[in-house]
Amino acid sequence: MEVLEKLTILADSAKYDVACTSSGVDREGDATGLGSTVAAGICHTFSADGRCVSLLKVLLSNCCVYDCKYCVNRVTNDVPRATFTPRELAELTIGFYRRNYIEGLFLSSAVVRNPDYTMEQMIKVLELLRGEYHFRGYIHAKTIPGADPMLVSRIGMLADRLSINIELPSEKSLNTLAPNKTKQAILAPMAQVRRTALQAKAELATYSHAPKFVPAGQSTQMIIGASPESDYHILMLTEGLYHKYSLKRVFFSAYIPVAENPLLPALDTAPPLLREHRLYQADWLLRFYKFSASEILDKENCNFNPFLDPKCNWAVHNLHLFPVDINYCSYEMLLRVPGIGVKSAMRIRVARRNGTLDMGDLRRIGVVLKRAQYFIVCRGFKPMSAGREQTVSALIDPAAFSFGTRQLSMFDTPVLSVVKGGAAIPEIKEEAVRCLARQI
Amino acid sequence: MSGTADMIYLYDASFEGFLTCVYDCVYNREMPVDIICADDAQPSMFLQKNIETDNEKAARVYESIPRKICGEAAELVRAVFLSCAAQKEMLILRFLLLGYRRGAQAMYLLSNPDVAPMYSAERHLKNEVHLLLGFVRFSDYGEVLAAVIHPKNFVLPYMQTHFVKRFMCENFIIYDEVHKAALVYYNAHSEIISLDALTLPPLLEDEKEYRAMWAAFYKTIAITARENPRCRMTHCPKRYWQDMLEVRPELDKTPKLDDGNNVISAKTGYELSLLAMENTAKL
């Protein structure tokens, strides 16, 4: 089989993996090898679905022995199968890297024979790259659940980032949909990676040449919409993973039906893209805005508001904390103003040391005032005493409408069923505003 | 500054030339209405004053920036001068005059009308640099890798370290067709040279194969159920597509013809590398 054909088959099998980041580690190039890494990560292109492509994302093989119901590569599925030899894949990576197509390699694999054998094959590829080709670019490798801990520590020495997919947001769903995988087999290597990385960091502080173990940390991914968990459940799980396992990222992947099974959503179900979007917004609030999961959602409101992003939603539920004075409030509070992001907050913090700011100043600094204007006070400006209804109407996320009818199955609110009927959007928006204002 | 002079300064488009303008402005106590490149000058109602580039004056001005303002200010001035901001010369001049009065504090007056545009110009440049670090596509011509880019800002100096460190054992050329300049790295020596055109030799078989594989990979990796052209264009603006082989077919553009005097035209990769070597040897 030609390499081109293998590449097509194995990239096709790998495309549902979400992570394609090349961030988290700075490594300069040197005269002995090829490549370097940049802590911020570099996107090399964007695919037709708007996702960043920064790594050559392929499977080593898609000849899987497992039968996970949601997966394209399950053993019972009739798809073309292929396997790269380690040499082929290493050469392909170098060829792409030299032409600046990619930032490195994202290597995953279906389970061939057994987890240990699969990991050994993956390690062979990485050893070729790091050893023979002196490759210093980024490598993200998947850990296969159930593989020997020795193999995990071996691959961690070669890769920059490791990830173990937790696949589904609860053990129950995992047992139903991925019967060959267990919670234990997923979490044990995650804990091991965390432990070893901490240890390697401590050693590095003592000996500057101590080997680095997964310098860019570990990440994970879960499928959203294939199982019945609530957003609150998922968000609490995410927060737990960040705290307990020091993950760098948790990725969410809207379930795209690839298999017909009574346990799964029907084949014509559209992927819950808005829900995924809201989860990422909440994820950002956790990681960069010092929110906790229980502030964003709670047991009563256990799903995201489709019309307001999580930060706006939090703000309209906590109107008693606003408006805040841009010139005096704490940095943490600045971060909580809808429309003000980390960069704007930092710029405001610098600029206000040299004099009080007015609206013109904020604009020149680059703060987007579209949403923020309802929540801030600054020199010479007080927000209009807009009613709750007006505020909510100004904040409504147009994305909730442009996603259109795809979103319907997720939220069974009467408002959305009107969308399905094809009513005019302004009318729906009005109704949504009334609903929301009442609810708040 | 004693006041506005009804005068336009003309300079030779070099950084030193511009710094000489700053010198003259300060020591003649006059504020020009504009500083423009002599080649772009048009007849106008304002008096036009030709400023001869004087390296000594330029050095004095450049040396004064870290001393009177701060080191970062010098960096900022350099970046804005290489950016594509409208009237960047006047922007920098006003910033420097403010800086000479306020010292290092000028860097933190983010909302000042003379400072804010400096930062946004710098951001525009740095953002484009960051995008291009990923969007540059090299083609392998045997002895040397070559790429062509069409940026708005003069980005090559900011790409130099990244690519030199990344491809230390390779030889490469990045040609900026808009600014007629090339970043050449040959035999562990890198330099930015001015170059009117670059004609590339025909593609090797191997190169064609890799291109085909990359195009196939790009096509395969997209999930049809999630197609989102607007999102793609936000992240990867269309003006970069002409140089990115995986999306170029979607642009459906007629190829540009080269003309000019200072032309590198090579039949083979070997010739290309010889020419690169000559150019770096000259410097």
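**A short tour of two chains**

Asn100(A) is buried, with a relative accessible area of 0%. Hello everyone, and let's begin with that residue. Before going on, please keep in mind that this is a predicted model.

Is Ala188(B) buried or exposed? Ala188(B) counts as exposed, because its relative accessibility is 64% and the cut-off for exposed is over 50%.

While we are on chain B, here is the overview. Chain B has 10 helices and 10 strands. Of its 283 residues, 50% are buried. Take the contacts in chain B with a separation of 6 or more: 69% of them are between residues 24 or more positions apart. The accessible surface of chain B is about 13700 Å², and carbon and sulfur atoms contribute 51% of that.

Back to chain A, and to a pair of helices. Please find α7 (residues 231–245) and α8 (residues 273–288) of chain A, which pack at an angle of about 35 degrees with their axes 11 Å apart. Their crossing is right-handed. Which residues of α7(A) and α8(A) meet? From α7(A) come Asp231(A), Ile234(A), Leu235(A), Thr238(A), Glu239(A) and Tyr242(A). From α8(A) come Arg275(A), Leu279(A), Ala282(A), Asp283(A), Leu286(A) and Arg287(A). Sorted by class, this contact has six nonpolar, one polar and five charged residues.

Next, look at helix α15 (residues 388–395) of chain A, where Thr391(A), Val392(A) and Leu395(A) are buried. These residues lie on the same side of α15(A), because they cover an arc of only 95 degrees around the axis. There is a handy rule to remember here: an α-helix has 3.6 residues a turn, so residues three or four places apart point the same way.

One last stop, also in chain A. Phe322(A) and Pro323(A) are joined by a cis peptide bond, with omega about -5 degrees. Pro323(A) belongs to the loop between α10 (310–317) and β9 (324–325) of chain A.

Definitions and conventions: Residues are numbered from 1 along each chain as its sequence is written. Chains are lettered from A and ligands numbered from 1 in the order in which they are written. This is a predicted model: local features need pLDDT of at least 70, side-chain atom pairs count only at pLDDT 80 or more; totals for chains, interfaces and linings use all residues. Side-chain values use heavy atoms; hydrogens and water are left out. Buried means under 20% relative accessible area, exposed over 50%, partly exposed in between (1.4 Å probe, protein chains only). Helices (H or I, at least four residues) and strands (E, at least two) are DSSP runs, numbered from the N terminus. The arc is that of the directions from the helix axis to the C-beta atoms. Axes are lines fitted to C-alpha atoms, for helices over the stretch in contact, and angles run from 0 to 180 degrees between N-to-C directions. A crossing is left-handed if the near helix is turned anticlockwise from the far one by less than a right angle, and right-handed if clockwise. Contact means heavy atoms within 4.5 Å. Ala, Val, Leu, Ile, Met, Phe, Trp, Tyr, Cys and Pro count as nonpolar, Asp, Glu, Lys and Arg as charged, and the others, Gly among them, as polar. Accessible areas come from the Shrake-Rupley method with a 1.4 Å probe; for residues, only the protein chains shown count as cover.
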